[in-house]
Amino acid sequence: MKIYVCKQKTATLVVGILAVCAIFYAVAYPAVTTVSATERQLPIYCVEVDQKVCAISFDAAWGNEDTQHLIDILEKYQIKATFFVVGDWAVKYPDSVKALADAGHEVMNHSDTHRHFNALSADEIVADVTRCNEKVAAVTGVAPTLIRCPYGEYDDHVVAAIRALGMEPIQWDVEPSATPATHGDAGDARGGLRPLFEKSGAKTFAGKCGKTPDANRGLPLSGDYMKRFVMPGLGGGVRLLL
């Protein structure tokens, strides 16, 4: 066995060189050295499947003028959707919440009062989500397991707080405000949502329940919109996730 003895000056020089190399590597390859610190927690936007499928969802936070109309249209086409409702909306319109549940639709969480979750602490988010769950469950008898964050806002601490409750945050990857202008109208055979499903995969389509516009999310998804743009596009092998 050989033993190597370095003088103090030599050892100091070696350590200094190694330190410089480490700093250079960290600067040149930050993704490698900071992966654990920068890895984001993301909500569910869509899922990978080998079929053309679509999940329709609605956010309910303001009026309920179109709720029954939407229920009737969905019933006509035998479609089940997910409605993300605000807790205060559930208290204000319990009959609408019950009608959604009775029609077989999922009634899920959209926060208690539609606050900006990014500005809240983890404890505040948990309390807010829990209050909404309790209000929905008081009407439907079923506590929500999914949530769509208000304004679609989230960051790592928001997602972590939600998942600590055993719930999943759900986003969307098809938005109604972009559909008509981009993909024609119901009179066009290529209109509606159909061009969005030329390739296989699952899409999550998000609309709004009620007639009050939301400046952050575009136009509300009214019953007329459903008939003109959504239903004509659900063809050509596109199947709804029920």
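**Exercise 1. Find how many aromatic pairs this predicted model holds, and describe the one formed by Tyr-45 and Tyr-154.**

Solution. 
1. The count of aromatic pairs comes to 3, in a model that is predicted.
2. An angle over 60 degrees counts as edge-to-face.
3. Tyr-45 has a relative accessible area of 31% and is partly exposed.
4. Tyr-154, at 15% relative accessibility, counts as buried, because the cut-off for buried is under 20%.

**Exercise 2. Decide whether the pair of Phe-58 and Phe-83 is stacked or edge-to-face, and state where each residue lies.**

Solution. 
1. The ring centres of Phe-58 and Phe-83 are 4.7 Å apart, and the angle between their planes is 15°.
2. Planes under 30 degrees apart count as stacked, and the pair of Phe-58 and Phe-83 is therefore stacked.
3. Phe-58 belongs to strand β1 and Phe-83 to strand β2; the two are 25 residues apart, and their pair links distant parts of the chain.
4. Phe-58 is buried, at a relative accessible area of 0%. Phe-83 also counts as buried, with 0% relative accessibility.

**Exercise 3. Describe the largest nonpolar core and name the elements that give two or more residues to it.**

Solution. 
1. The largest nonpolar core contains 22 residues.
2. Those with the most contacts inside this core are Phe-58, Phe-83, Val-85 and Trp-89.
3. Two or more residues come from each of β1 (52–60), α4 (67–76), β2 (82–85), α5 (87–92), α6 (94–102) and α7 (122–140).
4. The element that gives the most is β1, with 4 residues.
5. Another core, of 12 residues, lies apart from the largest one; Ile-125, Val-159, Ala-161 and Met-167 are among its members.
6. As background, nonpolar side chains tend to be buried together in soluble globular proteins.

**Exercise 4. Identify which residues form a nonpolar patch on the surface with Val-49, and locate Val-49.**

Solution. 
1. The patch consists of Ile-44, Val-47 and Val-49, which together have about 200 Å² of accessible area.
2. Val-49 is found in the loop between α3 (35–38) and β1.
3. The relative accessible area of Val-49 is 34%, and Val-49 is partly exposed.

Terms used: Residues numbered from 1 in each chain as written. Predicted model: local features only at pLDDT ≥ 70, side-chain atom pairs only at ≥ 80, totals over all residues. Heavy atoms only, no water. Core = buried A, V, L, I, M, F, W, Y, C linked by side-chain atoms within 4.5 Å. Buried < 20%, exposed > 50% of the residue type's maximum accessible area, 1.4 Å probe, protein only. Patch = residues over 30% accessible without salt bridge, like charges linked within 9 Å, V, L, I, M, F, W, Y side chains within 5 Å. Areas by Shrake-Rupley, 256 points an atom, 1.4 Å probe, with all protein chains shown as cover. Salt bridge = Lys/Arg side-chain N within 4 Å of Asp/Glu carboxyl O. Phe/Tyr/Trp six-rings, centres within 6.5 Å; stacked < 30°, edge-to-face > 60°.
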